[in-house]
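Hi,

Here's the structure I promised to pass on. Have a look at it first, then read my notes below.

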Amino acid sequence: MNTKTLPIDYANGIIYELEKAFWDERGKGARFRVTTVGQDYFEKKCLPLLKGDELSSILGTIEKILTEESIVAKVSYSTEDRLIRIRFEGCIHRSVEAQMVAKGVEPFTCVPANLIVLALEKKLDRPVEIASIKYEEGACQILMVLFDKHPVVE
């Protein structure tokens, strides 16, 4: 078994190149194709730890995972009706987004945010959409919309 880890600069360089190639191919449509990036990590690391079905419990569990795994340094969030505002500080993938912005591409994917979306959709059975991803005030600012439950057709 190989226990060697990859340098983060190398991994982020590869992620950047993949994101950029996808953007070059799909443009703004790429945003709607990357919503499940992180699914495998979610199922292995996050899903087993999600115990409650309350919004604050789900957000708190993902926050704990992201910080304990050193994916982000700090997570804060607020909710208002259907809106969820999340702030990620010290994300290990920040350099990827900086390179994308330098090429004139606004951020269109965020794996930590995807983990939250996957958790909310799984535990609440409600669709969630990432409405915006911005880098402001030294942190990634994510706006999500939580929709009503899926209708049941009988």
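Predicted model: local features only at pLDDT ≥ 70, side-chain atom pairs only at ≥ 80, totals over all residues.

Let's start on the outside: L6, Y10, I14 and L18 make up a nonpolar surface patch, and together they have about 430 Å² of accessible area. Patches take residues with over 30% relative accessible area and no salt bridge (a Lys or Arg side-chain nitrogen within 4 Å of an Asp or Glu carboxyl oxygen); nonpolar side chains are joined within 5 Å, like charges within 9 Å. The areas are Shrake-Rupley values with a 1.4 Å probe, and for residues only the protein chains shown count as cover. L6 sits in the segment before α1 (8-26) and is exposed at 60% relative accessibility (exposed is over 50%, buried under 20%, partly exposed in between).

Residues are numbered from 1 along each chain as its sequence is written, and side-chain values use heavy atoms, without hydrogens and water. The protein chain has a mean pLDDT of 92.

Now for T61: buried or exposed? T61 is buried, because its relative accessible area is 16%. Leaving aside neighbours within four places in sequence, T61 is in contact (heavy atoms within 4.5 Å) with L49 and L50.

Lastly, S76 is partly exposed, at 28%. S76 and G60 are 16 residues apart in sequence, with their C-alphas 9.4 Å apart.

Cheers

Conventions. Buried < 20%, exposed > 50% of the residue type's maximum accessible area, 1.4 Å probe, protein only. Helix = DSSP H or I, 4+ residues; strand = E, 2+ residues; numbered from the N terminus. pLDDT = per-residue confidence, 0-100.
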